[in-house]
Amino acid sequence: MTESVVQSQALGKEVRITIRRPDNRNALNREVADGIMAAIYAAERDSDCRVIVLTGEGERAFCAGGDIKAGADGGPFVQDPADPDHFAGRLFETIQACRKPTIARINGVAMGAGAGIICACDLAVMADHARIGTPEVKVGLFPMTIVPPMMRVLPRRRLMEMFITGVPLTAEEALQFNLVNYVTDAAGLDDKVAELVAQIAAQSPSAIRLGKYACHAMEDMTYPQQMRFAETLLPRVAQTEDAREGFDAFIAKRKPEWTGR
């Protein structure tokens, strides 16, 4: 599937979704959000896809945030006041609820909504020249829709500092505060992403799918509720074809052949 502002490309076990608005530093608008969500839905249905990678075109920007320039079409601040649905919020929820692992490939600056996309993904690999920030306060705004995904990843004091000062994090700071998993130089970015894709693709798709579902569901539960939910779900995981294959392969000392069922 190829759209004018979003490209989805199958690369072996990976589906790479690329924002293609380099002249606008890959800024987010409704068309981009809809394109990413459509690509994610398609990748979820693709049995060959094991990992989804989100990135931006070029080396300057991953996603420079919502398109707020004058006259921007479909920007995040152009909203019907009678419609409570916001495309940025739906995008973050779609990424978080995705049944397949997601990796943010941070090839350049990630501001505002770009930071939200990163926090909605499961893993993140960042080029050392990139920056992650929330500069909305500098133009008299506050990044309301990215607060929920970012609150789930960053410590509150660090998050508030980003929100109320508008000062971006360097790659080293993003790694220090667990906003990303790895930092590499630009030349090594794809190698690190490929390494993670290979590691994930070697594991059971059904275990990952059910595990992601469980982690997402348990985020808003109390600890006792989490334990009861986990106890209920564990037998379901053990009954999958992949679990039986995993046990058989372990006993036979051979490599498992996953079916994803």
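The model is a predicted one, in which local features need pLDDT of at least 70 and side-chain atom pairs count only at pLDDT 80 or more, while totals for chains, interfaces and linings use all residues. Residues are numbered from 1 along each chain as its sequence is written, and side-chain values use heavy atoms, with hydrogens and water left out.

How much of β2 is covered? Six of its six residues are buried, where buried means under 20% relative accessible area, exposed means over 50%, and partly exposed lies in between, for a 1.4 Å probe and protein chains only. In a regular strand the side chains alternate between the two faces of the sheet. In β2, Glu14, Arg16 and Thr18 point one way and Val15, Ile17 and Ile19 the other, and all of them are buried.

Not counting residues up to four places away in sequence, Val32 touches Val5, Val6, Ile19, Arg21 and Ala27, a contact being heavy atoms within 4.5 Å. Val32 counts as buried, because its relative accessibility is 0%.

Helix α7 (residues 189-201) has 13 residues and reaches 18 Å from its first C-alpha to its last, close to the 18 Å expected at 1.5 Å a residue, that expectation being 1.5 Å times one less than the number of residues. Its buried residues are Leu189, Lys192, Val193, Leu196, Val197, Ile200 and Ala201. These residues lie on the same side of α7 because they cover an arc of only 165° around the axis, the arc being that of the directions from the helix axis to the C-beta atoms. What covers them includes β2 (14-19), β3 (51-56), β5 (102-106), β7 (123-127), β10 (182-184) and α8 (205-218).

Elsewhere, four strands form an open sheet in the order β4-β6-β8-β9, with mixed pairing. Its edge strands, each pairing on one side only, are β4 (61-63) and β9 (169-170). Strands β6 (residues 109-111) and β8 (residues 131-133) pair in the parallel sense over two bridges, and Met111 has Gly133 in β8 as its bridge partner.

Turning finally to the cysteines, a disulfide is taken to be a pair of cysteine sulfur atoms within 2.5 Å, and by this rule the count comes to zero. The sulfur of Cys49 is too far for a bond, because the closest cysteine sulfur, in Cys98, is 7.7 Å away. Cys121 is likewise in no disulfide, the nearest cysteine sulfur, that of Cys98, being 9.0 Å away. Cys49 counts as buried at 2% relative accessibility, and Cys121 is buried with a relative accessible area of 8%.

Terms used: Two strands pair if DSSP finds at least two bridges between them.
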